[in-house]
Amino acid sequence: MLSSVLIANRGEIARRIIRTARELGVRTIAVYSEADANAPFVMEADAAILIGPAPAKESYLDPRKILAAAKQMGAEAIHPGYGFLSENAEFAQSVTDAGLVWIGPPPSAIRAMGLKDAAKAVMIKAGVPTTPGYLGEDQSVDRLTAEAAKIGYPVLIKAVAGGGGKGMRKVEKADDFEAALGSCRREASAAFGDDRVLLEKYVTRPRHIEVQVFGDSHGNVVHLFERDCSLQRRHQKVIEEAPAPGMDEATREAVCAAAVKAAQAVNYVGAGTVEFIADASEGLRADRIWFMEMNTRLQVEHPVTEMVTGQDLVEWQLRVASGEPLPLAQDEITLDGWAMEARLYAENPATGFLPSTGKLKHFRLPEGDVRVDSAVEEGGEVTPFYDPMIAKLIAHGADREDAAQRLAEACALVEVWPVKTNAAFLAKCASHPDFVDGAVDTGFIEARLDELTERTFSDEPAMAAIGWRLDSFLEAEARRDPWEPAPSKLLGFRMNAPRASMHLPMSSDGKATPLRVALIGGGSEDWSWDIRHADGSTFDEVTRLPTTYGKGPIQVFEGGDVQEFDFVAKVGGAGEGGASDGAILSPMPGKIVSVAVSAGQAVSKGQTLLTLEAMKMEHAMAAPFDGVVAELSVSVGGQVSEGVMLARLEPAAQA
C-alpha cells in the first residue's frame with residue numbers, strides 16, 4: 001500500500017479521499033490556495049501546503065506548483081480527484097516522470113479518450129456501438145453542411161475538445177446550420193483553443209447512461225454496473241442514480257460489456273466512466289444505446305455506485321495504484337437496492353441559478369440514514385473562485401421509489417443562510433410524480449422548469465417566526481422585574497392585562513405580511529398567544545419549523561427553502577427587485593462593467609439598465625416595468641456585494 005498521497009484538489013472530493021486514506025493508514029497531504037486556508041479539507045489532512053493565490057490558474061491548475069509541493073512534502077503519489085488537472089495527460093506524464101505514482105489511468109489512455117473524434121474512432125475499431133455521425137478531418141463548411149444533410153436533421157454539432165456543455169449546438173433545419181456552426185466554433189476556440197467539431201444524429205428523447213469501469217495493471221477490467229444521469233440542466237447533471245430505471249438484464253449486460261470493451265481498447269488502469277447516449281423513445285434497447293465519451297477519472301456521482309455495490313472506489317484506486325490486483329472479480333460484484341445522489345449547489349434558482357457566495361452563518365445538512373459528502377461547514381465561506389457545489393446528498397433504498405422518497409426528504413431538510421441553495425429545487429425534482437414514475441430524459445427539467453423553481457410556502461413559516469418571537473418576548477416578560485419598564489418592541493402587549501389584539505408589522509421578501517396577534521395574560525406565569533390572519537380567520541395548525549435565532553430578522557426553513565421575516569415594515573429597496581418595488585438588486589458579488597441609463601431617464605420594460613460581471617460571466621440587469629430611473633447607485637468599475645441596490649425605478653404613472 002502507498003505510504004503517502006498528495007491530493008491535487010480541494011473541497012468535497014479532497015475530504016472524500018482523506019477519509020478513505022486515513023482508514024487505510026495512508027498519510028494525506030493537502031494543497032490549498034489562499035482562499036481555502038481555513039477550509040475543512042485543509043484541517044483534516046495530515047499535512048497541508050499553500051500553493052498560491054485564489055484564482056485556480058495560479059494554484060490548483062499550475063502543474064509546477066503541484067509537483068513542487070509533492071517534492072517538498074515527500075509525497076509518494078498524487079491523486080487528482082475530479083476536475084482541475086485530473087484529465088490532463090501532460091500533467092499525468094510529468095507526475096510519473098518525476099518518479100511519483102499517478103493515481104489514475106496511464107497518460108496514453110487519457111490522450112486516447114481526450115478528444116471526442118479520436119475516442120470515437122478508437123471505439124468504432126474496437127466494435128463499440130457509436131452514434132451515427134461525422135468525425136472526419138475535412139472541416140470545411142461545405143463538407144460539414146453536406147454531412148449534416150446526410151445524417152438528417154436535427155443534428156448535434158459538438159466541439160472535438162468539448163466538455164461541460166460548451167461548444168455544443170442543436171440544429172433543427174439546414175437553413176440554421178452555418179450560423180450554428182460558426183457560433184459553436186467560436187465558443188470552442190475560446191474555451192478549449194480548438195475549433196474542430198464533429199456531427200452526431202440528435203436523439204429526440206435522450207437518456208444519459210454511464211458505466212463505472214475499473215482496470216488494474218495486471219490486465220483485469222471489470223464494470224460496477226450502470227448509472228443514469230439523465231436529470232440535467234444545461235448539460236450539467238443534477239440528480240444521478242443507480243441502477244438505471246427501465247434497464248432490463250439483457251440490455252444491462254450488453255451495455256456493460258461494451259463499456260469493458262472500451263476500457264480494454266485503451267489498456268485502461270484505474271477508475272473510469274464510459275458514457276452512453278440512449279434513444280429512450282421506445283424504452284431502453286441495446287441497439288439504441290451508443291458510446292458518447294469516456295471520463296478518465298473518478299466521477300462526482302461515484303457514491304451511488306458505492307451504495308449499490310458496497311464497494312469503496314477510492315480504496316480501489318489506492319490499491320490499484322499500489323500495484324495490487326482488483327479487489328473483486330466480475331462475478332463477485334453485485335447490485336443491492338437503489339441509490340440516488342443530488343448535487344447541492346450554492347446557487348439561486350430564483351435568479352436563473354446564478355451562483356451565490358458569502359459566509360455560511362447557518363448551515364445544517366440532514367443526518368441519519370442519508371449519506372452526506374460536504375465541502376464546507378457552518379462558519380465557512382463560499383467564494384466566487386471555484387465550482388459552487390457545496391455538498392452531495394446520497395440516499396439508498398430498497399427500490400427506486402424508496403430511494404427517491406428518502407432523497408426528497410433529505411433535500412427538504414437542508415438549512416442554509418444567507419447563501420442561497422438549490423435544495424428546494426432538488427426536493428421538488430426528486431418528489432415529482434413523473435420522476436418517481438421513471439419518466440426521465442435529459443429534457444425533464446427544462447420542460448418543467450417553472451414548476452420546479454416556483455417558490456411555494458405554507459402559512460407555517462410566518463407562524464413559526466411570530467411564535468418564536470412571542471415566546472421570547474413572554475419569557476423575557478416573565479423574568480422582568482414588574483417595576484422596570486418593558487423593553488419589548490412589541491408595543492401594546494402587557495402582562496396581567498385583558499386580552500389584547502394588534503396587527504404586527506411583519507414583512508417577508510420585501511412584502512408585508514400582516515397578521516393579527518392576540519395575547520392572553522393572566523399572571524406572571526399564566527399566558528398564551530394566538531395568531532390569526534389579518535381578517536380574523538384562524539390557521540388550521542401551528543407547526544414549529546426550524547428557525548435561526550437572534551434579535552434581528554428571523555429565518556424560517558421549509559422544504560429546503562428559507563423565508564426571512566422582519567418585524568419592522570420595510571420601505572423601498574426591499575425584496576429581490578421585482579416589479580413590486582422597482583428595486584434592482586445585485587444577484588451576486590461582482591463588478592459593474594457598463595451603465596446604459598442615467599437618473600431621471602425614462603425606460604421601458606426589458607430594457608438593459610446596467611451590466612454586472614460575476615463568475616466570469618456578464619449579467620444584464622433589465623427594467624421590470626415601464627418607468628423612470630429614480631435612483632442610480634453605481635458607476636462603471638464599481639464592485640458590489642450580493643443584495644446591494646443598484647438602481648430603483650418608479651412606474652411611469654408616479655414619475
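1. Start with one side-chain pair. E226 and R252 are joined through their side chains by a polar contact of 2.9 Å. This is a predicted model, and the distance should be read as a computed one.

2. A polar atom of its side chain lies 2.9 Å from the backbone nitrogen of A244.

3. Where does E226 lie? It is part of strand 11, which covers residues 221-233. Its relative accessibility is 1%, so E226 counts as buried. The cut-off for that label is under 20%.

4. The surroundings of E226 come next. Neighbours within four places in sequence are left aside here. E226 is then in contact with I209, E210 and V211, with A242, P243 and A244, and with M247, R252 and C256.

5. Now the salt bridges. Side chains of opposite charge can pair when their charged atoms come close. How many salt bridges are there by the 4 Å rule? The count comes to 44.

6. R64 and D62 form one of them, with 3.6 Å between the closest N and O atoms. D62 has a relative accessible area of 10%, so D62 is buried.

7. E147 and R143 pair within a helix. Their side chains meet in a salt bridge at 2.9 Å, N to O. Both residues belong to helix 7, residues 141-151. They sit four residues apart, about one turn of the helix. E147 is buried because its relative accessible area is 9%. R143, at 33%, is partly exposed.

8. R196 and D194 form another salt bridge. Their closest N and O atoms are 2.9 Å apart. R196 is partly exposed, with a relative accessible area of 26%. D194 has a relative accessible area of 14% and is therefore buried.

Technical notes
Residues numbered from 1 in each chain as written. Predicted model: local features only at pLDDT ≥ 70, side-chain atom pairs only at ≥ 80, totals over all residues. Heavy atoms only, no water. Helix = DSSP H or I, 4+ residues; strand = E, 2+ residues; numbered from the N terminus. Buried < 20%, exposed > 50% of the residue type's maximum accessible area, 1.4 Å probe, protein only. Polar contact = N/O pair within 3.5 Å; in protein donor to acceptor, adjacent residues only side chain to side chain. Contact = heavy atoms within 4.5 Å.
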